[in-house]
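Hi everyone, thanks for making time this morning. I'd like to walk you through a structure, piece by piece, with the model up on the screen.

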Amino acid sequence: MGVTTRVQQLVLAFVFAAGPAAVATGQALDPAVPPGWAAVLERFVDKYGRVDFQGIAQAPGDLDSAVAYIASTSPESNPTLFASREASLAYYINAYNALAMFNVVDSGIPRSLAGLQKFRFFWVKKLMIGGRPMSLYALENDVIRPMRDERVHFALNCMSVSCPRLPRNPFTTGNLDRELTAAAQLFFSEKRNLRISSEAREVKVSEILKFYREDFLRTGPELTAYINRHLEVKIPEGYKVDFIDYDWTVNDSRRVSPPSQGAAAR
């Protein structure tokens with residue numbers, strides 16, 4: 001399947017309205033943050049990270065602006081705009097999250113991304129990034145993961161219930177390291193992602209750490225050692241690691257209840 005007609009229309013509208021100079025700069029103070037993306041996060045994402053997809057479908061202007069910018073401008077197509085690794089990585093994280101959100105709306109707001117829907121959503125559907133058609137799978141695995149910062153897995157959001165909590169602010173060039181560290185700490189603070197049983201001497205952790213195990217073990221011998229980097233109270237040695245099943249339900253604020261709150265259980 002080629003690039004969706006909707007994305008092509010957005011690119012043409014963006015070029016026509018903004019002109020060539022704006023395509024090159026994106027009219028953005030931070031080129032890593034697509035125009036309109038901050039407004040989308042503030043307006044349509046709640047404190048739990050759930051998304052009002054119906055609201056976006058009814059008022060798509062800001063998300064359309066973000067998608068059009070991503071389609072025309074990237075570190076590959078406009079390298080002079082992205083002078084640092086942080087600028088490029090922040091851009092790609094924001095791009096992934098915005099395109100995943102757009103993909104949910106463009107796909108008719110499915111209830112789940114499991115089964116065949118997962119194949120269409122991540123592999124088949126092509127979206128435009130800096131003039132280059134690309135699937136979400138390729139963006140994550142061929143572009144973002146090779147940048148070798150495993151904390152991106154606590155920032156990338158495919159809009160499923162078991163994804164890391166979607167923040168209500170974009171990732172930025174100037175504060176990216178702090179923002180990624182905060183995302184990792186938040187992830188492991190939530191009992192939906194981490195449960196520690198002293199009695200059973202067992203750790204249950206999100207399947208994200210299973211999916212991308214090699215990324216997390218790049219700098220340490222075992223997963224508990226990596227998790228401990230983001231905890232104040234450390235997991236003792238010798239604890240068994242098991243994984244919490246991933247929930248591919250679309251994290252729709254009109255369909256999904258807020259997650260139960262609380263710190264990682266011990």
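**A walk through the model**

Let's start with strand E4: four of its five residues are buried, so E4 is largely enclosed by the rest of the structure. By buried I mean under 20% relative accessible area, with exposed being over 50% and partly exposed in between, using a 1.4 Å probe and protein chains only. Helices (H or I, at least four residues) and strands (E, at least two) are DSSP runs, numbered from the N terminus.

Some housekeeping before we go on. This is a predicted model, so to speak of local features we need pLDDT of at least 70, side-chain atom pairs count only at pLDDT 80 or more, and totals for chains, interfaces and linings use all residues. Residues are numbered from 1 along each chain as its sequence is written, and side-chain values use heavy atoms, with hydrogens and water left out.

A quick reminder: strands of a sheet pair through backbone hydrogen bonds, either parallel or antiparallel. Two strands count as paired if DSSP finds at least two bridges between them. E3 and E4 (residues 202-206) are antiparallel, over four bridges. Along that pairing, Ser197 stands opposite Glu202 in E4, and Leu194 has Val205 of E4 as its bridge partner. The hairpin of E3 and E4 has four residues between the strands, and Arg201 takes a positive phi near 50° there. Ser206 stands opposite Ile244 in E5.

Let's move to the helices. How does the span of H5 compare with what its residue count would give? H5 covers residues 85-106, which is 22 residues, and at 1.5 Å a residue it should span 32 Å; its end C-alpha atoms are 31 Å apart, which agrees. The expected span is 1.5 Å times one less than the number of residues. Of those 22 residues, 18 are buried, so H5 is largely enclosed by the rest of the structure. Asn97 and Ala155 are 58 residues apart in sequence, and their C-alpha atoms are 8.6 Å apart in space. After H5 comes Gly108, whose phi is positive, near 90°.

On to the aromatics. How many aromatic pairs does a search of the whole structure find? The search finds 16. Rings of Phe, Tyr and Trp (its six-membered ring) pair if their centres lie within 6.5 Å; planes under 30 degrees apart are stacked, over 60 edge-to-face, and the rest tilted. Phe154 and Tyr226 are a stacked pair, 6.5 Å centre to centre with 20° between the planes. This pair links distant parts of the chain, 72 residues apart: Phe154 is in the loop between H7 (136-144) and H8 (176-189), and Tyr226 is in H11 (residues 223-228). Phe154 counts as buried at 2% relative accessibility, and Tyr226 is buried at 2% too. For Phe187 and Phe188, the ring centres are 5.2 Å apart and the planes at 85°, so that pair is edge-to-face. Both Phe187 and Phe188 are buried. Ring pairs also build a cluster, whose members include Phe119, Trp123, Tyr137 and Trp248.

Last stop, the cysteines. A disulfide is a covalent bond between the sulfur atoms of two cysteines. The cut-off used here is a pair of cysteine sulfur atoms within 2.5 Å, and the structure holds zero disulfides. Cys158 is buried at 5% relative accessibility, and Cys163 is buried at 3%.

That's my tour, and I'm happy to take questions.
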